[in-house]
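Here's a quick tour of a two-chain model. Have the sequence and the 3D view side by side as you read.

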Amino acid sequence: MSAARNALRGNGLTLFFAALFVVTLAGQALTGVALFNGEQRASGLAPVSLVSYVASSSFAVDVAENWQSEFLQFLLYIGATVWFVQHGSPESKKPGEEGRESDEQQKVGTYADESSPAWARRGGWRLSVYSHSLTLVMGAIFLASWFAQSVTGRTQLNEEHLRDLQDPVGYAEYLTLPDFWNRTLQNWQSEFLAVASMVVLSIYLRERGSPESKPVGAAHDATGVEG
Amino acid sequence: MRAATRWRAAPVAATTLALLGACSVAGPGAGEASQAATTFAASVAHDDGASACALLAPTTVETLEEDSGSSCSTAVVELDLPTATHATQARVFGRQAQVRTDDDVLFLTRSRDGWLVTAAGCEPRPERPYDCTLEGS
């Protein structure tokens, strides 16, 4: 009982957001099928089941376009904070610390200790891959989601074209159309605004107890200090 | 009435099978969409308005009856729709399909009971939707 409670407590952050993800995805599916079926009925067409809707391009493109932008946001944030600093931000390294840092700072190769991950202790390609494993995986998920958005977005656009008695478009053509880029950019701009806001607001504002904030009493010009 | 229906059904079925022979299809459900389109074309070609109307989407039937002032089965065979001999291409996206025949372009929608024709007798127009002899509003 205590072990289970400890496991829950030790993974609370992951479990909290995983639960929120499942609940909100289910909510998106339920409200989406209601919206879709409203449009179907208005057009004199038959409503679809929840299962059919979840398997449809309409649902898939809405999910994929949001996923790709979220993973891009974190991918860029992880990469940009290597090379850029923000004076006063708890998310930033101190000015002058830009770059990849030394092996000693990164605890790799001869500086690795017994608790270091196996590939951090080994040199060669394993160390190179592991040194960028976070961005590689986040980047792969971003590209996969963006590709899924392009495929399902084209299907949805073509479904609308056929409903409006127009010819469908090919995949290469779809990648040049406003539909693809509008879906993409409307998500990107909101993610970039949120990141920029977080970087700037965390200089001056606080949330007591959060590691994403500086301590409440920390100076505005204190950089890289987490609460 | 039943005898007449049987008499019409045989050539319609045979024509449908012949039309399906040369189909070039793409996407899940393309074969079924082609079959619905060619069966519709065959029904119209054989003046079987009842069978043709059974393959039309509800909004298309409504528009046809309102515009013609007569029943669907009477009006549909008087439209002078192109007489297709075989389907050449079917493209399916989601719940919509476009079927090209040797003499026509038809648009269809997927219903609970299968594919239904939403528009037929369609001619392409540059930068605009197809101009169709039969379509829903």
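## Two hairpins in a row

S4(B) and S5(B) make a hairpin, with two residues between them. (Strands here are DSSP E runs of at least two residues, helices are H or I runs of at least four, and both are numbered from the N terminus.) The two strands pair antiparallel over five bridges, where pairing takes at least two DSSP bridges. B:Phe107 has B:Ala119 of S5(B) as its bridge partner.

S5(B) also pairs with S6(B), again in the antiparallel sense and over five bridges. Here B:Ala120 is bridged to B:Leu134 in S6(B). This hairpin has two residues between its strands, and B:Glu127 takes a positive phi near 60°.

## What the model is

This is a predicted model: local features need pLDDT of at least 70, side-chain atom pairs count only at pLDDT 80 or more, and totals for chains, interfaces and linings use all residues. Residues are numbered from 1 along each chain as its sequence is written, while chains are lettered from A and ligands numbered from 1 in the order in which they are written.

## Where chain B meets chain A

Chain B puts 21 residues in contact with 16 residues of chain A; contact means C-beta atoms, placed from the backbone, within 7 Å. On the chain B side, the elements giving two or more residues are helix H4 (58-68) and strands S2 (87-93), S3 (96-101), S4 (105-111), S5 (114-125) and S6 (128-135). S6(B) gives the most, with four residues.

By type, that side of chain B splits into 10 nonpolar, seven polar and four charged residues. Ala, Val, Leu, Ile, Met, Phe, Trp, Tyr, Cys and Pro count as nonpolar, Asp, Glu, Lys and Arg as charged, and the others, including Gly, as polar.

## The cores

The largest nonpolar core has 39 residues, and B:Ala33, B:Ala37, B:Leu106, B:Leu108 and B:Val117 touch the most other members. (A core is a set of buried Ala, Val, Leu, Ile, Met, Phe, Trp, Tyr and Cys residues joined through C-beta atoms within 7 Å; buried means 20 or more other C-beta atoms within 10 Å of a residue's own, with C-beta atoms placed from the backbone.) Helix H2 (residues 30-45) of chain B gives the most to this core, with eight residues. Another core, of five residues, lies apart from it and includes A:Phe71, A:Leu72, A:Leu75 and A:Phe142.

Leaving out residues up to four places away in sequence, B:Val117 touches B:Ala36, B:Ala37, B:Phe40, B:Leu55, B:Leu56, B:Ala57, B:Thr60, B:Leu106 and B:Leu108.

How values were computed
Contact = placed C-beta atoms within 7 Å. Buried ≥ 20, exposed ≤ 12 C-beta atoms within 10 Å, placed from the backbone.
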